[in-house]
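Visitor: Show me the model, please. I want to know what stands behind each label.

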Amino acid sequence: MEAVRGGRGGRRVAGASPAAAAAASSAGPGACGCQGSRSCLLCEEAAPPPQKRENFVYCPLAGLAVGEEQSEFAGWAFPFPGVFLLQDFVSLEEESKLVKLMDQNAWKPSQSGRQKQDYGPKVNFKKHKLKVANFSGLPEFSQELVTRMKNHSPLKGFSPVEQCNLDYGPERGSAIDPHLDDWWLWGERLVSVNLLSSTVLSMSCDSEDSVQLFPTSLSETGQLRASGSLSASQKHHQPTGFTSDRLRITTGWEADCSSATRLVPSKDITVAVHLPRRSLVVLYGPARYAWKHAIHRHHITGRRICATFRELSQEFSDGGEQEELGRKLLQIALTFQGTPM
């Protein structure tokens, strides 16, 4: 979900805040991992362009993206399948223990003000090549988390082959640009555990297609209602066997042809998925393959650690062209004896 690759040495900020300048000074060479167009408070000489603000908010109970009250889309909504959000996935005690164990290993500088710990094979996504040699598996402290994930129907059969820990801090201007995760190696479900502070996952789409909006209202019980039904394109990519109540609410609307609808270009929409502290989020289907995800700088208000788990794609699974390599990777990963790469 939040991939990291590459790096370069940091440089002093010309126009940074005093706190950022002090961090850059004390961090020393190599403190920044930015490259290309990416930047952070430790390296950028001018403020980056402002990020587009979210104009819809994801409602996990209804599976809807609901127009922000202060936006032009207030009173409108559309189905937003492909997100499973589980609050309080870990307890405060578990969170403290996990962070303490992570901090026993070194954090390496990454791009856009993040720090990273990688537990996975070394991959060249452009050339579609990977190396298994130094891969020793997922960390021991994640075994219980992975076991617990499988108790939830959207993660039935989930066997991660990679874990990437990312450390965000406001003093570094941490962020991650809108992106789609690779799907040559990584499979359907991207799973993240959000630790230490709440944040917002910003979803955007570059498609030229339009999204059909439906007027919203509240029922007598206070539940969100919308008129309309899912189109075929909105139903695709849903994992087999996913039967949560939230999905049934989303796909169970009755079409109301008399209701007014509204077509809006997908590229004009940004959906905020609020991630509470200690929550788990899964992206799959349209939210995985059609909508880019990002964490913007203004949504990092304190230290935040994200542990993202990825499974193998069909090419590396049973019956795939690289089934044997995939089986080898999975065997190593699930020993839970790994150290960061």
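Visitor: What share of the protein chain do buried residues make up?
Guide: Buried residues account for 50% of the 341 residues in this predicted model. The label needs a relative accessible area under 20%.

Visitor: Why is R189 called buried?
Guide: R189 has a relative accessible area of 11%. The cut-off is under 20%, so R189 counts as buried.

Visitor: Where does R189 lie, and which residues does R189 touch?
Guide: R189 is in strand β11, residues 186-195. Leaving out residues up to four places away in sequence, R189 touches P154, L155, K156, G157, F158, V282, L283, Y284, F309, R310 and E311. Contact here means heavy atoms within 4.5 Å.

Visitor: Which residues of helix α7 are buried?
Guide: In α7, residues 323-333, the buried ones are G326, L329, I332 and A333.

Visitor: How do you know that they are on the same side of α7?
Guide: They cover an arc of only 125° around the axis, which puts them on the same side. An α-helix has 3.6 residues a turn, so residues three or four places apart point the same way.

Visitor: What does the face turned away from the buried side of α7 carry?
Guide: That face carries E324 and Q331, both exposed. Exposed means over 50% relative accessible area.

Visitor: What covers the buried residues of α7?
Guide: The cover includes β8 (129-131) and β19 (304-312).

Visitor: How many helices and strands does the protein chain have?
Guide: The chain has seven helices and 19 strands.

Terms used
Residues are numbered from 1 along each chain as its sequence is written. This is a predicted model: local features need pLDDT of at least 70, side-chain atom pairs count only at pLDDT 80 or more; totals for chains, interfaces and linings use all residues. Side-chain values use heavy atoms; hydrogens and water are left out. Buried means under 20% relative accessible area, exposed over 50%, partly exposed in between (1.4 Å probe, protein chains only). Helices (H or I, at least four residues) and strands (E, at least two) are DSSP runs, numbered from the N terminus. The arc is that of the directions from the helix axis to the C-beta atoms.
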